[in-house]
Amino acid sequence: MKIQQPELLLQASNEAIFIIHGEAIASCNDAASEMFGYAKKELIGMPPETLFVTESNENIHNYFRNGNPKLFECTAITGKHEAFDAQIQIKTIKTFSHSFVTFTVRNISDFKKSQNLLLAKDALLESVSFAAAKFLESKNWRQEINVVLRHIGQSAGVSRVYIFQNFEDDTGKEYMCQKYEWVAPDIEPQIDNPLLQKLYYDENGLGRIQNLLSKGEAITGHVRNFPQSEQEVLLAQGIQSIVLTPIFLNTQWWGFIGYDECAYERIWNQNEIRLLSTVADIFNSALEQEKMELDMSWINQNFRSLFDNSPDAIFVYNYQGYVIDANDSACQLNGLTKEQLINRHVAELVPDEEAKKASEDFRFWTNGEINFMESNSINSTGTKIPVEIRSTRILYFDVPAVVLFVRDISRCKNAETLLKNRLEFIQFISQISSEFIKIDTASIGGAINKALGFVCRFTGNERGYVFLANSSNTLLVLSNEYCEENVITHKGNFDSFRISDFPEFMNTLTRGEHILVHRDEIANTHINPKIWEILETLNIKSLINIPLIVGERFLGFIGFDSTSSRANWDKETIHAFMLAGQIIANVIIRKKSEDEIILAKEKAEQSDQLKTAFLGQMSHEMRTPLNSIIGFADFLVKDLDREDLQEMADFILKSGNRLLNTFNLIIDLSEIEAHVMTAHLDVVNLNQMVENMMPTFSSRSSQKGLEFKFSESDSDVHIMADENLLEKIINNLVDNALKYTRDGSIWLKVFIEDADTRPMAVISVKDTGIGIQTDKLDHIFSNFRQASEGYNREFEGSGLGLSVARGMVQLMDGEIAVNSEINVGSEFRIKFPLFKVMTSEEQKLTENSTIGHIPKKRPGILVIEDELVHQKYLEYILKDGYELCYAENGFKALELANTTQFDLIILDINLGKDLNGIEVLSQIRKIKGYEETAVIAATANVMKGHKELFLSSGFTHYIPKPFKADKMRTLVDEIFNICKDY
């Protein structure tokens, strides 16, 4: 039937839109064809789930059929087999005659990538702040280098971080030497590599690296794109991508800090490179500070012997304040000869405005009250020179004198100013970032306002604001603002703007460029009147607008205004604005992402709770009647004389077992997918275990006229496995072989296979059946899939057996694989690591540890069960050898227990509306004589954790319904053999 559709609406959307009718896609728009790389005629008729990776959501088939859930995420796959993250929105449309399902696909790969980049950038910003604190605030900062490198390496997610220092040999040739290193787990360290302790640049083809780093340029990229000589050195260390940033001591190239990626060819973005380079700048500042302190210490300790050759100026003054001696450095400082300096007064060697103070201060020098100060000197041209002065008093040729050690600190002052600016910038980054690290989404709005205020104070502005684009990209709306007191606000004046009103500005911002406007440089006749109105109304002297862009998505802009005066924003200030914009843009995206994640998590938790409750209820409701159906059918098959009735009972038994098997597979699959199934590993003798299963396999094979062969290993084969799970796996594989083999044989083998790393135990199930087509091998381990499917499939079954088998094998750290050929047969192989068994003496001790005893009388058993059919089933099982007494509820059970001493209790958990099994047992344990009595929990409660709950509540044994007669009989016999001596 042709689906009536609003064609114009479909084609107008930029998102992929599909309409499903029945089991297939009935129509789609052009965007769908472009997104998935199929022609529209190819898409029509396709089942919708083929466009997605089913492992990402096993229930996706039902979602499209039922129209629920309305919104979810999964992985989509294009016609070129390229995967991308997708968000699916499903709607059910009903008309007068019929209803159908539509779904919309949105590509969110860039959104996911931006979210990851935000987290990485937050971590890097925090590590830069950490480095600044350790290097610039610690006196023993060299002891912190390894800690800092580890912090940076882990935050940046790199394989290796290291520092190299440059040296020269006697001939003047420059070489590098590795001084510090941190490596990620599983990455080979290079700190002890002798090649890297003295690696010459020129002789090893590293001249390009030497040239670029010495000029202050960073080096980054994939190693395979580097010159061959550099590849030989870098690839030998396992490096695939690299960033190298230079370190300078004053203006001298000191060495470099490097970041390696060894796992893959990483693409370094400019933000990462800029932040990683900042670490080198911080290290540079620490070196300069250390050198200055060492220089000053050395001068203080050795000034007497270095007078003539001292690089610092040394003046000797008499107590009247006149120079009586000076060294060459003093002459150079003032630009005068020694003869011109002698007899100069201290006031003549300082700027005129400081002369009076210098004369007054000299008295304190002579009294010894001052021995250090900072001041200014002048040279012969009148240039002011900042100096640092230290003093001591001596006898100069028996004349009392004051020696002043004067050091030109103009370079230090410049370096100090630079260091202060850099430190303030790092603190600025840290302050902005710290507002958003680990903050809850509800507080992000307030944090943005606080950050705007901090940027304004740091840059000297009076107003900061954020305008965000609406969902239709037609308006820019004020979302956040900071204003100083008495500054006009946007609120009530310009709360929003139509994007179309500012085409020039918007084109600039959407290109990723900032806008800088000074009102005194423009005339109102040459600018958009609306912009001039904003400048006039809000009293803006200068403004800067920074675009908020994440990936290719334009969010809006962040702006800052100077209202008191025309702003003089340098490159560092503009960089601060742009960095603040990047941080805030990522925070806005983060908030949206976290809101969506929280919503998705809540939906997932609700789904898990409903699923658990449903499975628990269904497990009880299914197993309870199946226990009776299978149990009584088994007795009827054995006891009925009429062949027709016996055949009917056999049909009931087989159908019940088939239903139970299917239900068990569904429960097992649910536990595997929910990661709640556990494997209780123990030593298993494969030869012995499989041999014990042989009678059943041989009997079932002979019924189909097939030959069943078993080959065991010449020596015992032991593995660590859960024997119960392993039996299920082997039974499942043999069932498949029997099902798909019409004639010939089935061959079960156990053998040892030598692997590259360690010997493996192998279980092989090989048949001469119909085989599996090559293109079907990929999905036979998928849920609800068979080699033959659809209405014409040849074989019954749920299609869950192999999927569950694979999950159980993987749970025990094993492997499962299949080889098959059409009309020849199939072979399934399971592999586990071989386990070395205990010594013969230990084995002998284990075998002789427990000896059973034969009961000497008929024990009494109290059966507490509210359903008559189960009472009768237990009577058939246990009447030979045991005395049974029944109680249909908890009150009757307590009455019997108070009057009779029973040797064993079989207790159901669900006893109706009164006391449950756990409550009944709690009361029985208080009755004298029942403190240690064995109690079996015979229950249909078989979900994860039920067994542990019952055993911890006082039950000594547990058997799940439905149980086979021989299982119950064996358990009861073992209890009395082990626990009683009758």
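Author: Happy to. Two strands count as paired here if DSSP finds at least two bridges between them. Please keep in mind that this is a predicted model.

Let's begin with the hairpin of β15 and β16. Strand β15 covers residues 384-396, and its antiparallel pairing with β16 runs over 10 bridges. At one of these bridges, Y396 has V399 of β16 as its partner. Two residues sit between the strands of this hairpin, and F397 adopts a positive phi near 50 degrees.

Strand β16 itself spans residues 399-408 and is mostly covered, with seven of its 10 residues buried. β16 has another partner in β12 (residues 313-318): the two run antiparallel and are joined by six bridges. There, I314 finds its bridge partner in F405 of β16.

Elsewhere in the chain is an open sheet of five strands, ordered β2-β1-β5-β4-β3 and paired in the antiparallel sense. Its edge strands, β2 (24-28) and β3 (71-77), each pair on one side only. From one strand to the next, the twist averages 35 degrees.

Now for the helices, with α20 (residues 723-740) as our guide. Its axis comes within 11 Å of the axis of α19 (residues 686-703), and the two cross at roughly 35 degrees. This crossing of α19 and α20 is right-handed. On the α19 side, the contact is made by L686, M689, V690, M693, F697, R700 and S701, while α20 brings E723, L726, E727, I730, N731, V734, D735 and L738. Sorted by class, the contact of α19 with α20 has nine nonpolar, two polar and four charged residues.

α20 also meets α21 (residues 801-811). Here the axes come within 10 Å and cross at roughly 150 degrees, and the crossing of α20 and α21 is left-handed. From α20, the residues L725, K728, I729, N732, L733 and N736 touch G801, L802, A805, M808, V809 and L811 of α21. This contact of α20 with α21 divides into eight nonpolar residues, three polar and one charged.

A word of background leads us inward: in soluble globular proteins, nonpolar side chains tend to be buried together. In this model, the largest nonpolar core holds 42 residues, and L686, L726 and I730 touch the most other members. The elements giving two or more residues to this core are α19, β25 (718-721), α20, β26 (745-753), β27 (760-767), α21, β28 (815-821) and β29 (825-833). Of these, α20 gives the most, with eight residues.

Leaving aside residues up to four places away in sequence, L686 touches V717, I719, L726, V750, A761 and I763. Apart from this core lies another, made of 28 residues, including I448, F560, I588 and I589.

Terms used. Residues are numbered from 1 along each chain as its sequence is written. This is a predicted model: local features need pLDDT of at least 70, side-chain atom pairs count only at pLDDT 80 or more; totals for chains, interfaces and linings use all residues. Side-chain values use heavy atoms; hydrogens and water are left out. Helices (H or I, at least four residues) and strands (E, at least two) are DSSP runs, numbered from the N terminus. Axes are lines fitted to C-alpha atoms, for helices over the stretch in contact, and angles run from 0 to 180 degrees between N-to-C directions. Buried means under 20% relative accessible area, exposed over 50%, partly exposed in between (1.4 Å probe, protein chains only). A crossing is left-handed if the near helix is turned anticlockwise from the far one by less than a right angle, and right-handed if clockwise. Contact means heavy atoms within 4.5 Å. Ala, Val, Leu, Ile, Met, Phe, Trp, Tyr, Cys and Pro count as nonpolar, Asp, Glu, Lys and Arg as charged, and the others, Gly among them, as polar. A nonpolar core is a set of buried Ala, Val, Leu, Ile, Met, Phe, Trp, Tyr and Cys residues joined through side-chain atoms within 4.5 Å.
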